[in-house]
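Here is a short tour of a protein model for your next look at the viewer. Keep the sequence and the 3D view open side by side as you read.

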Amino acid sequence: MEDRLARLEAVQAILLEIGRKSGSCTDISEFLQSVHAALGRIMYAANFFVALSDHEGPANHVRFVYFVDEVDAAPARDELFELADGESPTAAVIGSGRPMVMTAAEHVSKRLDNAAFGIGTIAEHWMGCPLLDQEHQALGAMVIQSYDRQHTFSGEDQALFALIADFVSAALRGLQSVDRLERAVQDRTALLAHEVAERRRAEDDIRHANDALEEQNAALENALTSLKDAQGELVRQEKLASLGRLVAGVAHEINTPLGICVTATSHLVEELKLTRADMAAGILDEDGLNQFFDIVDQSLRIMTTNTQRAAALVRSFKQVAVDQSSDDIRSFNLRKYLDEVLLSLQPKLKGKPITIDIDCDDNINMASFPGAVSQVLTNMVVNSLVHGFEEGQPGRIKITGKVDGDFVNFEYSDDGVGMDTSTLGQLFDPFYTTKRGTGGSGLGAHILFNLVTGALGGTVKVASAPGMGLHYKLRFPKVKRK
C-alpha cells in the first residue's frame, strides 16, 4: 500500500510538472525530454519516442520529434516517414486512435504474415498511446518499449502511461500551435494576424488543459487521502485480529494448568473425606495418616506448579496485550521483554517441532515502543510458522540482539523453505500473500515494515533464497525520540 501511495504521489507530481512545463516551454523537444525524464521516475523508460504528424506536409507522414533508444539509431528530426496502414504498430496506434500493447511474439507473428511489418529491432514489450487534438483526431503517438524480459509493463503501467499521454496531448496542442506560429512569422509575415489568432486559441487550450490538470490533481489528492485512511484502518484491524488470536491461544493454554489444579483439588477433597471417615471410625493408623500427608504434599506441589504456570502466562499476556494496544513510550529490558513475548506465543508453538534460540545481551535497556517490538516479533514468528515450515517439519528460529552505540542490531532467521527473488521483492507489499484462502491476509510483513521504519525509527533488510530460510536484519535506536 505504501509503495502504491508513493507511486500515485509521483504521478501527481509528474502531471503538475507537465502542466508547468507546457506553460513555460516553447520547444517541443525540450518539453518531451522533460516528459521522458519524469516518466522514468515511475516506470522503466529507457526506450521512448514521440512521432507527430506534419500538418503542412503530405498525409500519413510523421516526424520523430523525440527519439531515445538503446538499440536503434535516432532518425533525423526533419525527415518525414510515411505510415501505411498495417505496416507498423505506430501506424496502427495513430490510425485507430487507440492505445496498443504488443509482445515480441506478436510482433514476430505479424512479420511472418508481412515481412515489411515494423521498422527497427523487435522489442520484448511495446506500448503506444495516441496523442489526440481537440477533435480527438490522432496528431501522433507516444511509445515506450523494452528489449529486456525483466522489464515489462503491467496493467497499472499501461493505465498510467495512457493517463500521461492524455496530459501530453493537451500540452502538445498548445506547443504545436506555438511552433506553427513561430515558423509562420519567419516564413510568411503576410499571415501575421491569422497566426496571432491561432496563438490565442492555443493559449485558451493551454488554460483549459491546466484547468483539467487542476481538477485531476484534486481528484488524485482525494484518492490519496482515502487510500491513506483505508491503510490506517486495515493496519488497525490487523493489530486487533492479531491480539484476538493471542487472547484465544492464551485462554486455551491457561485451561490446561487450571484443569490440572481442579483435578488435584477434587482428588484432595476426596482423600480428606476418606481420612476423616477413617478417623471417625477409629481405624486411622500412623501409616494411613502418613499416606494422607503424602497425598496432600503431592497435590499441593501440583497445584503450586500449575498456578505459577498460569500466573506467568497471564502476566506475560497482560504486558504484551497492554503494549500492543498502547502508543506510549516506556522503559524496558529487551531480553526480558523478548522472553515475555515468546511465552505469550507458546500456544502457537505448542506441539510443533520448532526450536527457538535467543542470543540477546542482558543489558539492552530501551526507552521506546514495546508494543511495536512485540508486534514485530509476533509477526515474524507467525510468518515462519505459516510460510516457513510445513506441518510437522522440524526447524530452528534464531533471534539475536546486540548493542551498537546508541542503536540495537536485531536479527531474526529461520531455516525454513525460504522464498525466490520474485516473492522476496513483494514481501512488504500490502495484501501480497502466498497463502490466500488459508488465513493469510498479506498484511503481516507490511505492518512489520511500517512498525520498524515508523514507530521504532529504524531500518529493515531481508534476505532469502529457496531452501535457505528467511533472514531479517533490523536496526533501531535504543531511545526513541518523539
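A residue is called buried if its relative accessible area is under 20%, exposed if over 50%, and partly exposed in between (1.4 Å probe, protein chains only). V376 is buried by that rule, because its relative accessible area is 3%. The model is predicted, so local features need pLDDT of at least 70 and side-chain atom pairs count only at pLDDT 80 or more, while totals for chains, interfaces and linings use all residues. Residues are numbered from 1 along each chain as its sequence is written, and side-chain values use heavy atoms, with hydrogens and water left out.

- Helices (H or I, at least four residues) and strands (E, at least two) are DSSP runs, numbered from the N terminus, and two strands pair if DSSP finds at least two bridges between them.
- An open sheet is built from 5 strands in the order 8-10-11-13-12, and its pairing is mixed.
- Strand 8 (354–360) and strand 12 (459–464) are the edge strands, each pairing on one side only.
- On average, neighbouring strands here are turned by 10° against each other, direction ignored; axes are lines fitted to C-alpha atoms, for helices over the stretch in contact, and angles run from 0 to 180 degrees between N-to-C directions.
- Strand 11 (residues 407–414) and strand 13 (residues 470–477) run antiparallel and are joined by 8 bridges.
- Y412 stands opposite Y472 in strand 13.

**Helices on that sheet**

- Helix 8 (residues 334–344) packs on the sheet and touches strand 8, strand 10 (395–404) and strand 11, where contact means heavy atoms within 4.5 Å.
- The direction of helix 8 makes about 165° with that of strand 8.
- Helix 10 (residues 370–388) also packs on the sheet, touching strand 8, strand 10, strand 11 and strand 13, and its direction makes about 15° with that of strand 11.

**A closer look at V376**

- You will find V376 in helix 10.
- Leaving aside neighbours within four places in sequence, V376 is in contact with L448, L451, V452 and L474.
- The C-alpha atoms of V376 and N450 are separated by 9.6 Å, although the two residues lie 74 residues apart along the chain.

- Another open sheet has 6 strands in the order 3-2-1-6-5-4, with antiparallel pairing.
- Strand 3 (81–82) and strand 4 (100–103) each have a single partner strand, so one side of each is left without a neighbour in the sheet.
- Strand 2 (residues 61–68) pairs with strand 3 in the antiparallel sense over 2 bridges.
- H61 has E82 in strand 3 as its bridge partner.
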